[in-house]
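Subject: Structure for you to look through

Dear colleague,

I am passing on the structure below, and after it you will find my notes on what turned up. Please read them with the structure open beside you.

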Amino acid sequence: MYTVRKLTVRKSSNFSNLTFFTPTQMLMNKKFYVVLFLAVTVALSIAASAPPQGEPKRNLKVLPKNISHEDLDKVMHGFNDALGVKCNHCHSGGQVDGRFKMDFASDAKPEKEMARNMLKMTAKINKKFFHFKAGAADAVPPISCMTCHNGKVHPEGGKK
Ligand code: HEC
Ligand code: HEC
């Protein structure tokens, strides 16, 4: 099955990375912010309301439980682009009636939990250090997954 590295958020390197961001990098990533963060932040602002009846029961702990299929799809494809991975980097699957099927609700892969932590970290950096307000529809968050990952799983470039 999957060989999984030990996953830990190295606090010191995450935050010291911030000193390398330039306004140009931020602008280059602008398009990605719009895709990911309109979805995430707009959705987070309505996270408090209950999921509509008839929606599939989801295993969402960071994204809003009532996020639309469309927005969820945008966020997930944003992850793929930012990390340069496919869906199965974070999601697992298995045999169902003799055929392989993805199980997106499963938390079997530690990468998924890491991504949850990263979502929370990114939102916190934007809020606390850039005073980003998530509510406004045209607001572009200063940092996103792409800011650090830039198409790679390991931002520092040391590991493959
Ligand atoms: C970097 C890791 C990562 C990648 C890559 C990723 N996902 Fe996810 N996905 C997550 C996390 C984390 C959650 C749960 C979010 C939460 O708890 O709020 C999730 C949740 C989901 C869910 C909701 C499952 C449920 O509970 O019902 C679906 C569907 C999904 N992802 C589909 C995809 C698809 C399709 C792709 C590829 C286009 C993809 N994901 C790529 C991390 C990832
Ligand atoms: C402030 C910089 C920064 C931001 C922003 C950031 N990450 Fe990370 N991320 C890192 C660092 C550093 C690591 C550890 C890299 C390593 O293991 O070499 C990491 C690791 C990860 C891993 C585990 C890598 C593995 O081994 O599979 C996942 C998954 C991940 N990030 C997803 C995300 C997602 C999704 C976002 C956006 C919501 C995000 N990251 C935003 C810096 C960042």
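Not counting residues up to four places away in sequence, Cys 90 touches Lys 109, Glu 111, Lys 112 and Ala 115. Please keep in mind throughout that this is a predicted model. Cys 90 has its place in the loop between α4 and β1, and with 21 C-beta neighbours inside 10 Å it counts as buried, because 20 or more are needed for that. To follow one of those contacts, find Cys 90 and Ala 115, which are 25 residues apart in sequence but 7.9 Å apart in space when taken from C-alpha to C-alpha. Cys 90 is also named among the residues closest to ligand 1, together with Arg 58, Asn 59, Met 76 and Cys 87.

That brings me to the ligand, which has 23 residues around it. The elements that give two or more residues to this shell are α4, residues 69-83, and α5, residues 110-130, and the largest share, six residues, comes from α4. Sorted by class, the shell around ligand 1 has 13 nonpolar, five polar and five charged residues.

For the chain as a whole, the secondary structure comes to six helices and two strands, and along the sequence they follow the pattern α-α-α-α-β-β-α-α. Of the 160 residues of the chain, 18% count as buried. Among the contacts in the chain with a separation of 6 or more, 56% are between residues 24 or more positions apart.

Which residues make up the largest nonpolar core? There are ten of them: Val 75, Phe 79, Ala 82, Leu 83, Cys 90, Ala 115, Met 118, Cys 145, Met 146 and Cys 148.

α4 has 15 residues and reaches 21 Å from its first C-alpha to its last, which is close to the 21 Å expected at 1.5 Å a residue. Its buried residues are Val 75, Gly 78, Phe 79, Ala 82 and Leu 83, and they lie on the same side of α4 because they cover an arc of only 110 degrees around the axis.

For α5, the 21 residues should span 30 Å at 1.5 Å a residue, and the end C-alpha atoms are 29 Å apart, which agrees. Where do its buried residues, Glu 111, Ala 115, Met 118, Thr 122 and Asn 126, lie around the helix? Seen down the axis of α5, they fall within an arc of 65 degrees, so they line one face of the helix. What covers these buried residues includes α4 and α6, whereas Lys 120, Lys 124 and Lys 128, on the other side of α5, are exposed.

Just after α5 comes His 131, which takes a positive phi of about 55 degrees although it is not a glycine. His 131 sits in the loop between α5 and α6, and it counts as exposed, with 8 C-beta neighbours inside 10 Å. Asp 97 likewise is not a glycine and has a positive phi, of about 50 degrees. The place of Asp 97 is in the loop between β1, residues 92-96, and β2, and with 5 other C-beta atoms within 10 Å, Asp 97 is exposed.

Finally, please look at Lys 101, which lies in strand β2, residues 99-103. With 10 other C-beta atoms within 10 Å, Lys 101 is exposed, and, leaving aside its neighbours within four places in sequence, it is in contact with Gly 93, Gly 94 and Val 96.

With best wishes

Technical notes
Residues are numbered from 1 along each chain as its sequence is written. Chains are lettered from A and ligands numbered from 1 in the order in which they are written. This is a predicted model: local features need pLDDT of at least 70, side-chain atom pairs count only at pLDDT 80 or more; totals for chains, interfaces and linings use all residues. A residue is near a molecule or strand if its C-beta atom, placed from the backbone, lies within 6 Å of it. Helices (H or I, at least four residues) and strands (E, at least two) are DSSP runs, numbered from the N terminus. Ala, Val, Leu, Ile, Met, Phe, Trp, Tyr, Cys and Pro count as nonpolar, Asp, Glu, Lys and Arg as charged, and the others, Gly among them, as polar. A residue is buried if 20 or more other C-beta atoms lie within 10 Å of its own, exposed if 12 or fewer, and partly exposed in between; C-beta atoms are placed from the backbone. Two residues are in contact if their C-beta atoms, placed from the backbone, lie within 7 Å. A nonpolar core is a set of buried Ala, Val, Leu, Ile, Met, Phe, Trp, Tyr and Cys residues joined through C-beta atoms within 7 Å. The expected span of a helix is 1.5 Å times one less than its number of residues. The arc is that of the directions from the helix axis to the C-beta atoms.
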